[in-house]
Amino acid sequence: MTKTLLTGLLAVLSANVMAESVFHAAGKALGQISTGVAEGVTQPLRDAQPEWVTIAPKSKKACIAESGGELNTLYMRCRNGRQEYVRHDANGRKHVLSERPIPQH
């Protein structure tokens, strides 16, 4: 009788452990799915965040061509390089919010 009782108790406990591991696995899978959905929702928001982009200085020849052969502010911006604070809209167009010289360290 004791042997049958112990076997039954062991079967119930093992079923309990199996159920817990199944629930744990299901919860983990649900968490991964919700993380994936959240990633898809927040990615466009992160892409729309402005960021500083460095535009490296160009050669004298390239800058003269870019400024139309004149030594003006366009030429100096091109020659010195700059950093732009840009944001991209939903269509992928770049919007320059601010501009500054490249910091000298």
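In the predicted model, the hairpin formed by strand 2 and strand 3 has five residues between its strands, and within this hairpin Gly-92 adopts a positive phi near 85°. The loop between strand 2 (82-88) and strand 3 (94-100) also contains Asp-89, and Arg-93 lies in that loop between strand 2 and strand 3 as well.

Asp-89 makes polar approaches through its side chain. A polar atom of the Asp-89 side chain is placed 2.8 Å from the backbone nitrogen of Arg-93. When neighbours within four places in sequence are left aside, Arg-93 is in contact with Arg-87 and His-88.

In general, the strands of a sheet pair through backbone hydrogen bonds, in either a parallel or an antiparallel sense.

The pairing of strand 1 with strand 2 is antiparallel and extends over five bridges. Within this pairing, Val-53 has Glu-84 of strand 2 as its bridge partner. Strand 2 and strand 3 are likewise paired in the antiparallel sense, over six bridges. Here Val-86 has its bridge partner in strand 3, namely Val-96. Glu-84, the bridge partner of Val-53, stands opposite Glu-99 in strand 3.

Turning to the chain as a whole, the protein has three helices and three strands. Read from the N terminus, these elements follow the order α-β-α-α-β-β. Of the 105 residues in the protein chain, 10% count as buried. The accessible surface of the chain comes to about 8500 Å², and carbon and sulfur atoms contribute 64% of this area. Among the contacts in the chain with a separation of 6 or more, 38% are between residues 24 or more positions apart.

A search of the whole structure finds one disulfide. This disulfide is formed by Cys-63 and Cys-78, whose sulfur atoms are 2.1 Å apart. The pair links distant parts of the chain, with Cys-63 in helix 2 (residues 60-66) and Cys-78 in helix 3 (residues 73-80), 15 residues apart. A disulfide is a covalent bond between the sulfur atoms of two cysteines. The torsion about the S-S bond of Cys-63 and Cys-78 is about -80°, so this disulfide is left-handed. Cys-63 has a relative accessible area of 0% and is therefore buried. Cys-78, with a relative accessible area of 3%, is buried as well.

Local features are also found at the two ends of helix 3. At its start, a side-chain oxygen of Asn-72 comes to within 3.1 Å of the backbone nitrogen of Leu-74. Just after helix 3, Gly-81 takes a positive phi of about 80°. A positive phi is also found for Gly-92 in the hairpin of strand 2 and strand 3.

Definitions and conventions
Residues are numbered from 1 along each chain as its sequence is written. This is a predicted model: local features need pLDDT of at least 70, side-chain atom pairs count only at pLDDT 80 or more; totals for chains, interfaces and linings use all residues. Side-chain values use heavy atoms; hydrogens and water are left out. Helices (H or I, at least four residues) and strands (E, at least two) are DSSP runs, numbered from the N terminus. A polar contact is a pair of N or O atoms within 3.5 Å; within protein, one must be able to donate a hydrogen and the other to accept it, and residues adjacent in sequence count only if both atoms are side-chain atoms. Buried means under 20% relative accessible area, exposed over 50%, partly exposed in between (1.4 Å probe, protein chains only). Contact means heavy atoms within 4.5 Å. Accessible areas come from the Shrake-Rupley method with a 1.4 Å probe; for residues, only the protein chains shown count as cover. Two strands pair if DSSP finds at least two bridges between them. A disulfide is a pair of cysteine sulfur atoms within 2.5 Å.
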